[in-house]
Each structure stands twice: as C-alpha cells, then as structure tokens.
Amino acid sequence: MQLKKENILIVDDDVNILELLQRHLQSWNFHTYRAVSVKEAVQILRDTTIDLLITDLKMPEIDGTELIKFVSEHYPNLPKLVVTGYPSVQDSLVAIKSGVVDYLTKPFTKEELQHAVDRSIGIKTGVNSAFAKAETHRDTAYGEIIGQSDKLNDVIQIIERVKNNKATIFIKGESGTGKELVARAIHYQGKFSRAPFIAVNCGGIPENLLESELFGYTKGAFTGADKNREGFFQAANGGTIFLDEIGNASTAVQSRLLRVLQEKEVIKVGAQKAEKIDVRIIAATNSDLKNMIKNDAFREDLYYRLTVVEIEVAPLRERKEDIPLLTEKFLFKYGVEFKDRFIKITPEAINILQRYDWPGNIRELENVILRAVIMCDKTVDVEHLPKALKMTIDFSDHSLLSLKEVEKKHILKVLNATNNNKTKAAEILGIDRKTLRSKLES
C-alpha cells in the first residue's frame, strides 16, 4: 500500500476493534479519528474534513444504519465502509442503498481490510470526490458559524483578513445574532488559536465588580480583597479577550480600557505599578455607541480605539437563506440530546420559519427548534411550531400550510362569519359540535 494522507473516521462501540483498525490504518500512514458512538461521529464530521467513514452497524442509542443515512444525505460523496459482526440481509440492503462501498464481516484479515480501504478511497480519484463535498461543506460552516448568505460570507471574508493579527476589532449586531461566535472564529481559526480566549459579558457583571474582574486587584484594595488576584486581561495574556456588551462599562472601566489600548498595559485595582500585556481585544455591543457618545455615556476616544476593524453581523431576518442550515444544526443537536435520533423537518415547516422575522434572531430560532423537537416524534411539522410565531405571518398563500392548518383557518373563518355560532358553523362545515370543538382544540 502506498503512503496515504487521508483522514479516516472509525466508529465502533467496541474499543478493541477501534484500536485494531486504528493500528492497521496508521501503519499505512492514514490519519485516524475515533468515535464510540454516532453522536461523537457526527460531531467529528462537522468539525473535520473526513475522506472515509468506517462504521459498525450495531451500536447503542443511535444505530450505525442511521449514521449511514445521515452521511448519505449530508455528505453524499463521502465513501462509507461497513464493518460488522452481525450481518443481516436487511442491513446489507440498507447499506447498499445508502451507497456503502464495501461490507466487511468480523473477524476479517488485515489484507481484507486493506483491500476494502483501498477500494473505498479509490473512489476519490474521480471528479466527484469526498474532497469536493468537504470543500462545499466548508463553505457553509466556518468554525461554529453556519450559513450561506452573502452577508455572512462578507463577515467571513473580514475574519480571514484579521484572524492572524492582533488588530482591535469591534462587532456590532442585534442581540442573538451570534457576535460571540464571530469573536471565537477570529481567535480559533487563526494562528493564535492555542492561546487563551476569554469571553466577558460586561452586562452580566455588577458595575462595582467589573473593574476588579477585568484588571485584577491587590490585597487590601477594597473590603473583601484578602489576596492578590489576576483579572480577565491577565488570564487572556497572549491571546484574545472578548468584551461583550461593552456599552455597559462604567466611565472608570472605559478609562482603564483606553490605557490598555494605548499603552498595552494594565494596572490592578489598588496597585501603583503597571503590567505589560499582549492581548487582542474584540469588543461587541447591540447598543448605539454613537448615540451614547452624544449623551456623554461612552468615551469618543475609546470608541475610535475599539473600532479599528468593524464587523457588522446582520439580523436573521436579513439572511433568511441561512435558516435551513441553522435549523439542521439545531435539529441534530437537540434530536440527539432529547430523542437519541436524527429529527427531520417538513418543507412546510421550513417555509414558515423562513417567513418569520425573528426579532430574537438565532437565539430565538434555536429555542423554537428545541421546543419543536420535544413536541414532535420523528419529524417537525407546522403544528409543532409556536402559535405566537405563526400568528405574526401572513398565511394568504395556503401552499405554505399543512392540511391541518388550512382546515383550522377555514373553521375560524366560518365561525367569524356566523358570529361564533358553533351550531351554525358546524352545520355549514358538515360536522357535529363535538368534532368542531375537537378540531379547534387540536
């Protein structure tokens, strides 16, 4: 076997099998990743470019056949190799229909594994290779940032330019748009990713404590300061500090921040001597800092120091084409957590999600999907979405509604026409009052 550099993901709940496969594959110079469950496997697939999947079928919680189906749907060009100790005709059919390249039965020889791996990897020599799919997936996921809209791509392009230097960055956007995810992407996608990343919510720390929490304090600096303590800036030294909701910082904190930016040093509360510090500062807010400057609530000189590079994260209502990908992410996350299975969603439900304006942005979408996953069995449909959400949407286009929703809308229309006379409405609808009541309550 020639020297290889492909990444192979091995999935099996039997650690001995994992070690055996890994030993063989590494001897052939493959890079290997291990997972003892489908949950772990999918997370690795989302975070890493994988060139071959080797999986068992019989595993606890989520079965390996579900993993094969998931990979076939989301990574259709990724070769799949099944290794199982419990072969069956049904499993073989599922594997074949899902595009499995080869099917090894335990126990197998090293030569049989080598032949199967070579055959599976050989698929990648064509144009439609696993690399092609991996590149496509990378276009829609940058760190934890997921989407395909032009506005999101604009953000990613800026991240690419700033990730490898320590320029001060200012991120603005509404609450729930993912400002911290952008900050994390800047840090973890760049060359300083091994250094600390410290996130501080300036709005979540009492004003009288924020100064000492950020810069540290000396023993006796104030009541309760019984020892010297490092602050968040010292903890982030060499890396990145993310100051969320910077508009909540007091005047005293703003003055100290200005010194950090100008002099590259911090002074602990109660100390006289400054300490040199090497920290990239990323600040964020959903407040209008320019208006705060006019009202003398925020320092103008600090504002210009913070906004060397500005990144604006658009609200979800302005990038609705990202909703299906974000929904898929949350369906996987909560489907596995609460149902131990992959949850699907109907096109009608997706259409509803894309018609809503999302004042709470991505955070609100995540909460809606969490609720829907809990309420559904295997598939999220329109009926599993909150009524309050659907009430804000213009449903004049009935093609976007489920039959159940269309029926209920028509019933309400008839009730309105009969001045809420249920007997008359039931007569017009051709049903009895009991059925009418049941349909209204469902």
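**Notebook: buried arginine, cores and salt bridges**

Started with R319, which counts as buried at 3% relative accessibility. I'm working on a predicted model here. I looked up where R319 sits: it is in the loop between β14 (309–312) and α14 (323–339). Then I wanted to know what its side chain talks to. A polar atom of the R319 side chain lies 3.2 Å from the backbone oxygen of A314. Beyond its neighbours within four places in sequence, R319 is in contact with S149, L152, T177, V313, A314 and I362.

Next entry: the salt bridges. I got a count of 18. Side chains of opposite charge can pair when their charged atoms come close. I picked E174 and R317, whose closest N and O atoms are 2.5 Å apart. E174 is in the loop between β8 (169–172) and α8 (179–188), and R317 is in the loop between β14 and α14, so this pair ties together parts 143 residues apart in sequence. I checked cover on both ends: E174 is partly exposed at 29% relative accessible area, and R317 is partly exposed too, at 35%.

Then K268. Which residues does K268 form salt bridges with? One partner is E230, with the closest N and O atoms 2.7 Å apart. K268 lies in the loop between β11 (265–266) and β12 (275–276) and E230 in the loop between α9 and α10 (232–235), so the pair ties together parts that are 38 residues apart in sequence. The other partner I noted is E275, where the closest N and O atoms are 3.9 Å apart. Shared partners join E230, K268 and E275 into one network. Buried or exposed, K268? I have K268 as buried, with a relative accessible area of 10%, because the cut-off for buried is under 20%.

On to the nonpolar cores. The largest has 31 residues, and the members that touch the most others are L214, F233, I241, L243, I246, I281 and F298. I went through the elements that each supply at least two residues of this core: β9 (197–201), α9 (207–215), β10 (240–244), α11 (251–263), β13 (280–285), α12 (289–294) and α13 (300–306). The largest share, 5 residues, comes from α11. I took F298 for a closer look. Not counting residues up to four places away in sequence, F298 touches I246, G247, Q254, L289, M292, I293, Y303 and L306. There is also a second, separate core of 28 residues, and L325, I343, L365 and V380 are among them.

Backbone check. W358 has a positive phi of about 55°. W358 is in the loop between α15 (347–355) and α16 and is buried, with a relative accessible area of 0%. N361 has a positive phi of about 60°. N361 is placed in helix α16 and counts as buried at 0% relative accessibility.

Which residues make the nonpolar patch of about 300 Å²? I wrote down F338, I374 and M375.

Methods. Residues are numbered from 1 along each chain as its sequence is written. This is a predicted model: local features need pLDDT of at least 70, side-chain atom pairs count only at pLDDT 80 or more; totals for chains, interfaces and linings use all residues. Side-chain values use heavy atoms; hydrogens and water are left out. Helices (H or I, at least four residues) and strands (E, at least two) are DSSP runs, numbered from the N terminus. Buried means under 20% relative accessible area, exposed over 50%, partly exposed in between (1.4 Å probe, protein chains only). A polar contact is a pair of N or O atoms within 3.5 Å; within protein, one must be able to donate a hydrogen and the other to accept it, and residues adjacent in sequence count only if both atoms are side-chain atoms. Contact means heavy atoms within 4.5 Å. Patches are made of residues with over 30% relative accessible area and no salt bridge: like charges are joined within 9 Å, nonpolar side chains (Val, Leu, Ile, Met, Phe, Trp, Tyr) within 5 Å. Accessible areas come from the Shrake-Rupley method with a 1.4 Å probe; for residues, only the protein chains shown count as cover. A salt bridge is a side-chain nitrogen of Lys or Arg within 4 Å of a carboxyl oxygen of Asp or Glu. A nonpolar core is a set of buried Ala, Val, Leu, Ile, Met, Phe, Trp, Tyr and Cys residues joined through side-chain atoms within 4.5 Å.
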